[in-house]
Amino acid sequence: MTWEPRPTPNVNPETEQYWKAASNERLLIQECQDCGLIYAYPRANCPDCFSGDVEWIEAEGTGEVYTYTVSRQMSGWPEEDLPLILAYVELEEGPRITTNIVDCDPEDVEVGTPVEVQFVETEDDDVGIPVFTPI
Ligand SMILES: [Zn+2]
């Protein structure tokens with residue numbers, strides 16, 4: 001079960017487009033036009049060379065679990081949505097993003113499990129949250 005709608009995350013000008021795309025079921029990452037680094041989360045400047053010449057690109061939405069942890073208690077998180085699987089997912093394109101693995105048992109997840117993105121709604125129609133599920 002997945003908790004929806006979730007509270008709206010902290011949206012700022014650097015991340016607004018990312019959340020908005022997620023509300024339209026698109027996962028955006030960024031590519032530095034100077035050094036070629038593809039990265040997430042959204043930042044106005046490349047985390048490697050600090051160039052401001054970065055472009056949004058749409059990720060395939062597939063990847064694998066890089067590492068994860070299972071939370072059986074989490075303050076403020078509805079009990080029916082526990083246990084919560086927190087994970088770093090390494091996208092096909094390279095970047096790793098912090099996310100949740102949903103619609104599965106913790107026993108179904110291990111390092112290297114192939115996953116694909118899906119999106120959950122928040123209290124704000126223009127803001128979606130990317131989460132992942134095993135494929
Ligand atoms: Zn760069």
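In helix α1 (residues 16–23), Y18, W19, A21 and A22 are buried. Buried means under 20% relative accessible area, exposed means over 50%, and partly exposed lies in between (1.4 Å probe, protein chains only). The four residues cover an arc of only 160° around the axis, so they sit on the same side of α1. The arc is that of the directions from the helix axis to the C-beta atoms. Helices (H or I, at least four residues) and strands (E, at least two) are DSSP runs, numbered from the N terminus. The cover over the buried residues of α1 includes β1, β3, β6 (96–101), β7 (114–121) and β8 (128–134). Contact means heavy atoms within 4.5 Å.

The model is predicted: local features need pLDDT of at least 70, side-chain atom pairs count only at pLDDT 80 or more, and totals for chains, interfaces and linings use all residues. Residues are numbered from 1 along each chain as its sequence is written, and side-chain values use heavy atoms, with hydrogens and water left out.

A zinc ion is coordinated at 2.3 Å by the SG atoms of C32, C35, C46 and C49. Donors are N, O and S atoms within 2.8 Å of the metal (3.2 Å for Na, K and Ca); water is not among the atoms, so sites may look incomplete. The four donor atoms subtend angles of 105 to 116° around the zinc ion, which makes the arrangement tetrahedral. Four donors count as tetrahedral if all angles lie between 85 and 135 degrees. Along the sequence, the spacing of the donor residues is C-x2-C-x10-C-x2-C. C32 belongs to strand β1 (residues 28–32), and C46 to the loop between β2 (38–39) and β3 (54–58), so this pair ties together parts that are 14 residues apart in sequence. Both C32 and C46 are buried.

The loop between β2 and β3 also holds S51. S51 is buried, at a relative accessible area of 9%. Its side chain reaches the backbone nitrogen of D53 at 2.9 Å. Such a polar contact is a pair of N or O atoms within 3.5 Å; within protein, one must be able to donate a hydrogen and the other to accept it, and residues adjacent in sequence count only if both atoms are side-chain atoms. Neighbours within four places in sequence aside, S51 is in contact with C32, D34, A44, N45 and C46.

Three salt bridges are present in the structure. A salt bridge is a side-chain nitrogen of Lys or Arg within 4 Å of a carboxyl oxygen of Asp or Glu. Side chains of opposite charge can pair when their charged atoms come close. D126 lies in the loop between β7 and β8 and K20 in helix α1, so the pair ties together parts that are 106 residues apart in sequence. D126 is partly exposed, with a relative accessible area of 41%. K20 is partly exposed too, with a value of 39%.

Another salt bridge is formed by the side chains of R26 and E58 (3.1 Å, N to O). This pair links distant parts of the chain: R26 is in the loop between α1 and β1, E58 is in strand β3, and they are 32 residues apart. The relative accessible area of R26 is 35%, which is partly exposed. E58, at 47%, is partly exposed. The side chains of R96 and E90 also meet in a salt bridge (2.7 Å, N to O). R96 is partly exposed at 38% relative accessibility, and E90 is partly exposed at 26%.

Most residues other than glycine have a negative phi, and most peptide bonds are trans. The peptide bond from A40 to Y41 is cis, with omega near -15°. Y41 is in the loop between β2 and β3. The bond from L82 to P83 is cis as well, with omega near -5°. P83 is placed in the loop between β4 (62–71) and β5 (84–91).

Positive phi values occur at E25 and F50. E25 follows α1 and has a phi near 60°. E25 is exposed, at 56% relative accessibility. For F50, phi is near 65°. F50 lies in the loop between β2 and β3 and is exposed, with a relative accessible area of 61%.

Notes. Four donors count as tetrahedral if all angles lie between 85 and 135 degrees; four count as square planar and six as octahedral if opposite donors are over 155 degrees apart and all others between 65 and 115; anything else is irregular.
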